[in-house]
Every structure is written in C-alpha cells, then in structure tokens.
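Subject: Structure handover

Hi,

Here is the structure I promised to pass on. Please open it next to the sequence, then read the notes below.

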Amino acid sequence: MDLGRLLRRTNAYRIVKNDKKRGLFHAYLLLDKDEKYLRDTLKFFAKIILCGQDGCGECRVCRLVEKENYADAVFFPKNGDKILTEDIGALVADSFVRPLEGDKKLYVVVGAQNMLPAAQNKLLKTLEEPPENVVILMGATNPYALLPTIRSRVKTLEIPPFTEEEIVNELAESCPDREKLALAAACGDGTVGRAEELYGDVQLQRRFDLAAEIIVNMNSSKDVLKYSALLLKNRDDSGRLFSIAESLFRDMLAERTGGKAIDALALEKVRKAANYTTGALINALEKTEEAAKRASAFNANETMLTEWWLFAILEGKHRWQK
Ligand SMILES: [Zn+2]
C-alpha cells in the first residue's frame with residue numbers, strides 16, 4: 001500500500017506544496033478520519049515541508065523523518081500514547097531553540113483532538129506569537145475537541161474520504177480476496193485504515209447481511225425482538241454491526257439528499273428499503289452513530305444498547321412517516 005499515492009491526489013497536498021514555494025504558514029491542522037494512518041499521513045506532509053525536493057522519500061531528510069529521527073522534526077506524543085499536557089509544555093520550550101540542521105523546525109502533534117484544554121491553552125500562546133522558523137503541524141481525527149481560538153489560528157487541511165475504488169486499488173495487494181475487499185471498502189468510512197480493519201473481520205459478510213436485513217426488514221416491535229435476539233447470540237457483534245449500519249444509513253441519506261454516496265455497492269443492497277422518509281433516515285443515522293459511540297464505552301450494556309438502537313430506528317420510521 002502506498003499512502004502517498006492517495007495523498008498526492010488531495011487538495012491538502014497541493015496547498016502544502018504551494019505554500020512551500022510561497023511561504024509556509026506557522027501552523028496547520030490536518031483533519032483526517034483515519035486514526036490508524038494519521039501518524040503516517042502527518043509524516044508524508046512533514047517530508048514535503050522539510051525535504052529539499054517534494055518529499056521524495058529517498059533523501060537523508062525524508063529517511064530520517066520516516067524514522068522520526070530528524071533533529072528538526074519533533075513528533076508528539078513519542079509513542080502510541082495520547083498527547084499529554086507535558087508534551088505541549090516540551091514543544092513550547094523547545095520552539096525557542098534554533099533549528100539544528102535546516103532553516104526551520106517542525107513540530108508534529110499526532111491526535112490533536114486528545115489535547116486537554118490546558119494543553120491547548122499552553123499551545124495557544126505559541127500559535128499567537130510563533131517563534132521564527134517554526135512550523136506546527138497538528139493532525140486530528142475530528143476538529144470539535146479543539147478550542148475555537150486554536151482553530152482560528154491554524155490553516156486547516158482536509159483529507160477527504162477516498163472512493164471505494166481508490167481504496168480497493170490501494171489495498172489489492174495486501175488484501176487479496178477481491179470480493180471481501182470490495183465489501184470492506186464499501187462498508188467503511190472512506191479511509192484505508194477502516195477498510196483494512198473490516199477486511200480483517202472474518203465475520204464481515206455475515207455482519208453486513210444482518211445489518212442490511214435489519215435496515216430493510218425491520219418494521220414492527222416484533223422485528224425488534226427478533227433482531228435483538230439474533231444480535232445478542234453473537235456477543236461481539238453490536239459495535240461492528242453499528243458501524244456497518246452507520247455507513248449504510250449515511251449512504252442512503254446521501255443518495256436521498258442528492259449528495260455523493262461513497263459506497264455504491266453497499267447502497268445497492270439497501271436501496272429497496274424505500275420506506276424510510278428523509279426524516280426517518282436522519283434519525284436512524286443519528287441514533288446509529290450514538291449506538292456505535294456507546295458500544296465502544298467499556299461498560300456498555302450490550303442487551304440494552306441493542307434494543308435501544310433497534311427501537312430508536314423503528315420509532316423514527318413511524319414518527320416520520322410519509
Ligand atoms: Zn526527500
């Protein structure tokens with residue numbers, strides 16, 4: 001898989017490349033839903049910023065950045081941990097030290113959405129009065145945890161969802177089962193990381209069929225009982241099933257409102273679920289997002305959550321009838 005090949009197609013790439021020619025901003029916020037590859041994506045941009053060429057990947061700087069060993073590129077947090085307020089303290093203190101190798105220093109903050117308000121406030125002063133030759137590159141999976149004062153002082157770059165086709169092409173080698181890969185890409189959220197994770201799920205097809213069946217056939221409280229019993233038979237199901245259902249509802253809604261549905265293949269299977277009004281779809285999507293979030297909480301009660309989710313969708317179908 002060559003993440004760079006996908007990233008070079010983004011506007012974010014064109015923007016950073018242009019800025020490099022005309023003068024870089026002192027701080028960027030890269031929004032990327034792909035938590036798994038966020039660090040690698042930030043590395044890709046770090047290379048563009050620091051490499052003598054265009055982030056060639058071959059030169060000494062690129063190779064050192066790849067290993068997080070380049071003196072003028074400092075990554076926070078150091079390992080897979082969440083970013084701490086101490087990390088931001090270290091960043092701020094270090095930003096006054098001149099670059100050692102090149103003409104600028106780059107700070108890469110991975111998972112900026114995890115910064116506590118105290119850390120953000122600490123960083124804010126540096127963003128307001130950045131030391132010379134310092135560039136801060138933050139990467140976040142969602143922007144809402146960041147203070148508006150932070151967001152207003154950075155240039156935002158967005159990694160858009162990739163198409164099913166782009167993901168399938170990129171993962172074809174590492175995920176040889178074409179049919180399964182197509183399904184994984186279709187059920188995902190337009191990120192490579194999520195598609196890989198779904199591909200690794202041995203029960204993907206069964207979960208997908210069940211999610212699609214629930215969406216299409218659930219019309220009464222009897223169905224709720226039937227499906228909750230089915231879901232609970234496989235205790236690990238609900239979280240994964242919720243996120244597959246979430247991507248299906250999102251696509252149904254996108255299609256309904258004239259937007260672009262990412263997953264054409266997945267949509268085909270639920271298209272006949274025509275008894276959802278737009279209101280019912282919005283409700284179903286919201287409730288499914290909430291269920292997916294709650295399922296990842298460590299003390300989630302699976303039985304209650306599953307029934308709550310099924311009833312919430314059904315109730316929406318009745319409330320927003322045609
Ligand atoms: Zn290079």
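Glu 68 is partly exposed, at 24% relative accessible area. This is a predicted model. Glu 68 sits in the loop between α4 (60–66) and β2. Its backbone is worth a look: Glu 68 is not a glycine, yet its phi is positive, at about 60°.

Asn 133 also has a positive phi, near 65°, and is a residue other than glycine. Look for Asn 133 in the loop that links α6 (117–128) and β4 (134–140). Its relative accessible area is 33%, so Asn 133 counts as partly exposed.

Next, a peptide bond. The one from Phe 76 to Pro 77 is cis. Its omega is near -15°. Pro 77 belongs to the loop between β2 (73–76) and α5 (85–94).

Now the cysteines. How many disulfides does the structure hold? The count is 0. Cys 175 is in no disulfide. The nearest cysteine sulfur belongs to Cys 187, and it is 14 Å away. A disulfide would need the two sulfur atoms within 2.5 Å. Is Cys 175 buried or exposed? Cys 175 is buried, with 4% relative accessibility. Cys 56 is partly exposed, at 28% relative accessibility.

Last, a helix pair. Helix α15 covers residues 278–295, and helix α16 covers residues 302–319. Their axes come within 8 Å. They cross at roughly 170°. How do the two helices run relative to each other? Angles over 145 degrees count as roughly antiparallel, so α15 is roughly antiparallel to α16.

Which residues make the contact? Here they are, helix by helix:

- From α15: Ala 280, Asn 283, Ala 284, Lys 287, Thr 288, Glu 290, Ala 291, Arg 294 and Ala 295.
- From α16: Leu 305, Trp 308, Trp 309, Ala 312, Ile 313, Gly 316 and Lys 317.

By type, the residues of this contact divide into 9 nonpolar, 3 polar and 4 charged.

Go on to the cis bond between Phe 76 and Pro 77. Then visit Asn 133, again for its positive phi.

Best wishes

Key:
Residues numbered from 1 in each chain as written. Predicted model: local features only at pLDDT ≥ 70, side-chain atom pairs only at ≥ 80, totals over all residues. Heavy atoms only, no water. Axes fitted to C-alpha atoms, helices over the stretch in contact; angles between N-to-C directions. Helix = DSSP H or I, 4+ residues; strand = E, 2+ residues; numbered from the N terminus. Parallel < 35°, antiparallel > 145°, perpendicular 65-115°, else oblique. Contact = heavy atoms within 4.5 Å. Nonpolar A, V, L, I, M, F, W, Y, C, P; charged D, E, K, R; others polar. Buried < 20%, exposed > 50% of the residue type's maximum accessible area, 1.4 Å probe, protein only.
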